[in-house]
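Visitor: I would like to learn how to read a model of this kind, feature by feature. Could you take me through it, giving the general idea and then the case at hand?

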Amino acid sequence: MNQHHTPGNRRHCRRNYDIRLMLLFFLLAGVPFAAQAHRGAADEIDACNIRVGLERVHFTAYTPALSGNREYCKAIPQLGETHLVFDYEGKQLRNFSVEFEITKEPEGTRIFYQEPQKIKTGTTNGVVDFRQYGAGNYLAHIAIVDKDKRLDTHIPFSVGIEDADQKSFSPLLATTLGLLLVICLLIGFVLMKEKSRA
């Protein structure tokens with residue numbers, strides 16, 4: 001009698017496939033959560049990080065009275081007093097005069113301005129009460145000012161028009177559904193393979 005076709009051997013093979021599939025599922029289940037981290041590796045894309053010349057600046061917004069120390073960037077969900085923080089990723093910008101400005105779009109109305117200055121600590125911040133300006137789209141402008149030259153870059157963000165959690169849920173949902181599809185395909189493949197052996 002062929003050993004590959006005994007009922008006990010089939011159960012053992014099926015159990016091995018099931019164990020492998022469960023291990024694969026648990027290994028891949030951690031992927032969406034790692035991808036949701038706000039600040040990751042140096043080569044990871046961070047929507048709150050902007051290139052200014054050859055350096056990078058990280059933009060973070062906090063609404064302490066509304067959400068404690070929770071960090072926002074692209075979407076600040078509520079109107080209120082907001083602390084805007086600009087952190088230099090490198091040290092070169094500390095030697096240049098840098099200007100910070102927040103404008104409400106599409107009008108381009110200035111609502112916050114910090115004169116060009118050298119920020120030796122590498123971190124600067126300001127406070128804006130967005131209740132005065134209303135919900136809408138805004139731009140954080142960061143400009144290197146050197147004599148008559150100016151290099152301006154910006155980060156778009158919204159205040160009071162979308163939920164910050166909603167945006168991070170979409171990639172998580174897509175990744176989870178993708179993983180479920182892969183698992184279903186693997187299970188189908190295993191079942192077809194076992195059926196063809198029988």
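Guide: We begin with confidence, for which the score is pLDDT, the predictor's confidence in each residue on a scale from 0 to 100. The protein chain averages a pLDDT of 76, and 70% of the residues score at least 70. This is a predicted model, in which local features need pLDDT of at least 70 and side-chain atom pairs count only at pLDDT 80 or more, while totals for chains, interfaces and linings use all residues. Residues are numbered from 1 along each chain as its sequence is written, and side-chain values use heavy atoms, with hydrogens and water left out.

Visitor: Over which residues does pLDDT stay under 50?

Guide: Where pLDDT is low, the predicted coordinates should not be read in detail. Here the score stays under 50 over residues 30-44, for which the model has 18 contacts beyond four places in sequence, a contact being heavy atoms within 4.5 Å. It also stays under 50 over residues 165-169, with four contacts beyond four places in sequence.

Visitor: How many helices and strands does the protein chain have?

Guide: Both kinds of element are DSSP runs numbered from the N terminus, helices (H or I) needing at least four residues and strands (E) at least two. The protein chain has four helices and 10 strands, and from the N terminus on the elements run α-α-β-β-α-β-β-β-β-β-β-β-β-α. Of the contacts with a separation of 6 or more, 61% are accounted for by residues 24 or more positions apart.

Visitor: How should I read the pairing of strands, and which strands pair with E2?

Guide: Strands of a sheet pair through backbone hydrogen bonds, either parallel or antiparallel; two strands are taken to pair if DSSP finds at least two bridges between them. Strand E1 (residues 49-52) pairs with E2 in the antiparallel sense over four bridges, with isoleucine 50 standing opposite valine 57 in E2. E1 and E2 form a hairpin with two residues between them, and glycine 53 in the turn has a positive phi of about 65°. E2 also pairs in the antiparallel sense with strand E5 (residues 81-88), over six bridges, where the bridge partner of histidine 58 is aspartate 87 in E5. Strand E3 (residues 71-72) runs antiparallel to E2 and is joined to E2 by two bridges, alanine 61 standing opposite tyrosine 72.

Visitor: What is the order of the five strands in the open sheet?

Guide: The order is E4-E10-E9-E6-E7, and the pairing is mixed. Strand E4 (75-76) and strand E7 (109-118) stand at the edges, each with a single partner strand, so one side of each is left without a neighbour in the sheet. E6 and E7 run antiparallel and are joined by seven bridges; in E7, phenylalanine 112 is the bridge partner of isoleucine 102.

Visitor: How is burial read, and is E2 mostly covered or mostly uncovered?

Guide: A residue is buried under 20% relative accessible area, exposed over 50%, and partly exposed in between, with a 1.4 Å probe and protein chains only. Buried residues make up 32% of the 198 residues in the protein chain. Strand E2 (residues 55-62) is mostly covered, six of its eight residues being buried.

Visitor: Which residues have the most contacts inside the largest nonpolar core?

Guide: A nonpolar core is a set of buried Ala, Val, Leu, Ile, Met, Phe, Trp, Tyr and Cys residues joined through side-chain atoms within 4.5 Å. The largest here has 28 residues, and those with the most contacts inside it are Val57, Phe59, Phe86, Phe100, Ile102, Ile142 and Phe157. E1, E2, E5, E6, E7, strand E9 (136-146) and E10 each supply at least two residues of this core, the largest share, four residues, coming from E9. Leaving aside neighbours within four places in sequence, the contacts of valine 57 include Ile50, Phe86, Leu93 and Ile142.

Visitor: How many salt bridges are counted, and where do they lie?

Guide: A salt bridge is a side-chain nitrogen of Lys or Arg within 4 Å of a carboxyl oxygen of Asp or Glu, and by this rule the count comes to three. In one of them glutamate 99 meets arginine 150, with the closest N and O atoms 2.4 Å apart. That pair links distant parts of the chain, glutamate 99 lying in strand E6 (residues 97-105) and arginine 150 in strand E10 (residues 149-159), 51 residues apart. Glutamate 99 is buried at a relative accessible area of 7%, whereas arginine 150 is partly exposed at 46%. Glutamate 101 forms a salt bridge with arginine 110 at 2.7 Å between the closest N and O atoms; glutamate 101 counts as buried at 11%, and arginine 110 is partly exposed at 48%. Arginine 131 and aspartate 129 also meet in a salt bridge, at 2.9 Å from N to O, and arginine 131 is exposed, with a relative accessible area of 55%.
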